[in-house]
Every structure is written in structure tokens, then in C-alpha cells.
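Open the model in your viewer and keep the selection panel at hand. The tour goes stop by stop.

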Amino acid sequence: MDWTALEAEVERCTACALAPTRTRTVFGVGDRSARWLFVGEGPGAEEDQRGEPFVGQAGRLLDNMLASIGIARGNGVYIANIVKCRPPGNRNPEAAEAQACSAFLRRQIELVGPTLIVALGKIAATNLLGRDVPVGSLRGRVHDYRGVPLVVTYHPAYLLRNLPDKAKAWEDLCFAMDTMQALTASRSSEATAGAP
Ligand code: SF4
């Protein structure tokens with residue numbers, strides 16, 4: 001399925017309990033051939049109205065996080081969520097809802113082909129890694145999502161409520177940048193070695 005077909009499929013999807021209460025689906029935004037892919041949990045009220053992930057206060061914090069590593073929304077990064085429809089009352093998506101939506105995100109990741117995925121918060125990490133463990137125990141290591149390296153940090157909405165953890169998020173972004181540099185260097189040396 002290409003981008004156009006995938007977007008249309010998401011727009012008409014009624015596969016889980018979130019469909020009846022959404023205003024609109026929130027597909028994803030950004031550079032569709034980005035090296036970075038950031039994944040959050042699901043749309044909030046403002047995202048549900050606008051159809052774009054990470055708008056509002058948490059979105060502004062995410063934009064600052066992106067700027068700190070030299071990228072910007074629409075330039076070098078693609079942003080998506082585990083579920084494409086807003087969970088009522090901003091509750092966490094349930095496992096069945098995340099499972100129903102997982103094929104859409106999987107296809108988005110295949111189409112983008114990122115060098116590195118950054119999972120934002122426990123819901124994103126749990127669903128991408130298939131393990132229900134605290135964010136704190138996943139930070140600072142490179143994990144794997146279907147062959148794509150993945151690192152974990154806190155969700156911007158969590159950081160707004162827990163300001164002291166912003167320092168840890170900055171450590172995670174530095175780790176992500178170092179990981180990206182190492183991955184890029186190893187790919188370019190592989191390409192050089194394979195050149196005729
Ligand atoms: Fe479909 Fe995903 Fe929306 Fe559920 S959250 S209705 S699976 S698009």
C-alpha cells in the first residue's frame with residue numbers, strides 16, 4: 001500500500017472502539033523519507049480537531065526537542081502515533097485499540113524507512129517493543145523494531161507534568177544523536193566498502 005492508499009484507509013477505518021468518538025483521524029506528519037521517526041501514543045483534543053499529531057503545549061515541547069537535535073517538523077523527521085484516533089478523555093489507548101491500529105504504523109515505518117525510531121513514552125515503547133516495562137528501564141540502550149534501531153525517552157506531555165525529568169530527556173536526545181551518528185557512519189562505510 002502506498003502513502004495515498006494508506007492515508008485513505010486510515011481515514012475510513014472503523015476497526016476499533018475509537019472510531020465513533022473521533023472528530024478526524026490523525027495520520028502522521030513530516031518528511032516521508034526522514035532518517036528520524038518519532039512515535040507518540042495517540043491524539044489529544046487539539047490533535048483530534050486539527051488532524052495533526054503533537055500540536056498544543058506538548059507539541060511545542062516536542063518541537064523544541066527536535067530543534068535541540070537539529071531537525072524540525074517536516075524537515076528530517078516524521079511524526080506518528082500508536083493510534084490514529086483520539087482515546088476519549090485523553091485516556092491511554094487500550095491494548096486492543098493499539099493492536100487494531102498497529103498495521104498502519106507498521107506500514108508508515110516501512111514507507112519512511114527511518115534510520116532511527118524514537119519512542120516517546122511508555123505506550124509507544126510498550127507497543128513497539130512488545131514488552132510492558134517502565135520507560136526508565138528502557139532508556140540509554142538501542143532496541144530493535146523489526147530491524148530498525150529504536151531508542152526510548154519520555155513523552156512530552158509527561159515532561160510537562162514532571163519538569164525535573166527534562167534533564168533525563170536531554171540525556172536521551174544526546175544518546176539518540178550519538179546513535180544516529182554511529183548508524184550513519186556505519187552505513188556510509190558499508191556503502192564505500194561495497195562500491196566498485
Ligand atoms: Fe482504525 Fe486506528 Fe482509528 Fe482504531 S485508532 S479506528 S484502528 S484508525
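Select helix H5, residues 122-129. Color its buried residues: Ile-123, Ala-124, Ala-125, Thr-126, Leu-128 and Leu-129. Buried means under 20% relative accessible area, exposed over 50%, and partly exposed in between, with a 1.4 Å probe and protein chains only. By that cut-off 6 of the 8 residues of H5 are buried, so the helix is largely enclosed by the rest of the structure. Helices (H or I, at least four residues) and strands (E, at least two) are DSSP runs, numbered from the N terminus.

This is a predicted model: local features need pLDDT of at least 70, side-chain atom pairs count only at pLDDT 80 or more, and totals for chains, interfaces and linings use all residues. Residues are numbered from 1 along each chain as its sequence is written, and side-chain values use heavy atoms, with hydrogens and water left out.

Now show what surrounds H5. Its buried residues pack against strand E2 (36-40), H4, strand E4 (116-120), strand E5 (143-145) and strand E6 (148-153). Step off the end of the helix to Gly-130. Just after H5, Gly-130 takes a positive phi of about 70 degrees.

**Next stop: Ala-119**

Select Ala-119 in strand E4. Is Ala-119 buried or exposed? Its relative accessible area is 0%, so Ala-119 is buried. Display its contacts, where contact means heavy atoms within 4.5 Å. Neighbours within four places in sequence aside, Ala-119 touches Val-39, Ala-124, Ala-125, Leu-128, Leu-150, Val-151, Val-152 and Thr-153. Ala-124, Ala-125 and Leu-128 are among the buried residues of H5. Then draw a distance to Val-135. That residue is 16 residues from Ala-119 along the chain, and their C-alpha atoms are separated by 9.6 Å.

**Next stop: two loops with positive phi**

Most residues other than glycine have a negative phi, and most peptide bonds are trans. Select Asn-90, in the loop between strand E3 (77-81) and H4. Its phi is near 60 degrees, a positive value in a residue other than glycine. Asn-90 is partly exposed, at 46% relative accessibility.

Move to Arg-146, in the loop between E5 and E6. Arg-146 is not a glycine, yet its phi is positive, about 45 degrees. At 58% relative accessibility, Arg-146 counts as exposed.

Two packed helices are described by the angle between their axes and the distance between the axes. Axes are lines fitted to C-alpha atoms, for helices over the stretch in contact, and angles run from 0 to 180 degrees between N-to-C directions.

Select helix H1 (residues 3-11) and helix H4 (residues 95-112). Their axes come within 11 Å and cross at roughly 160 degrees. H1 and H4 are therefore roughly antiparallel to each other. Angles under 35 degrees count as roughly parallel, over 145 as roughly antiparallel, 65 to 115 as roughly perpendicular and the rest as oblique.

Show side chains at the contact. H1 supplies Trp-3, Leu-6, Glu-9 and Val-10, and H4 supplies Phe-104, Arg-107, Gln-108, Leu-111 and Val-112. By class, that is 6 nonpolar, 1 polar and 2 charged residues. Ala, Val, Leu, Ile, Met, Phe, Trp, Tyr, Cys and Pro count as nonpolar, Asp, Glu, Lys and Arg as charged, and the others, Gly among them, as polar.

**Next stop: H3 against H7**

Select helix H3 (residues 56-68) and H7. They pack at an angle of about 40 degrees, with their axes 10 Å apart. That makes H3 oblique to H7. Which residues make the contact? Leu-61, Met-65 and Ser-68 come from H3, and Lys-166, Trp-170, Leu-173 and Met-177 from H7. This contact has 5 nonpolar, 1 polar and 1 charged residues.

**Next stop: around H7**

Pick Asp-165, in the loop between helix H6 (156-161) and helix H7 (166-194). Asp-165 counts as buried at 12% relative accessibility. Beyond its neighbours within four places in sequence, Asp-165 is in contact with Tyr-154, Tyr-158 and Leu-159.

Then find Ser-188 in H7. It is partly exposed, with a relative accessible area of 42%. Draw a C-alpha to C-alpha distance to Val-55: 35 Å in space, across 133 residues in sequence.

**Last stop: the whole chain**

Zoom out. The protein chain has 7 helices and 6 strands. Buried residues make up 47% of its 196 residues.
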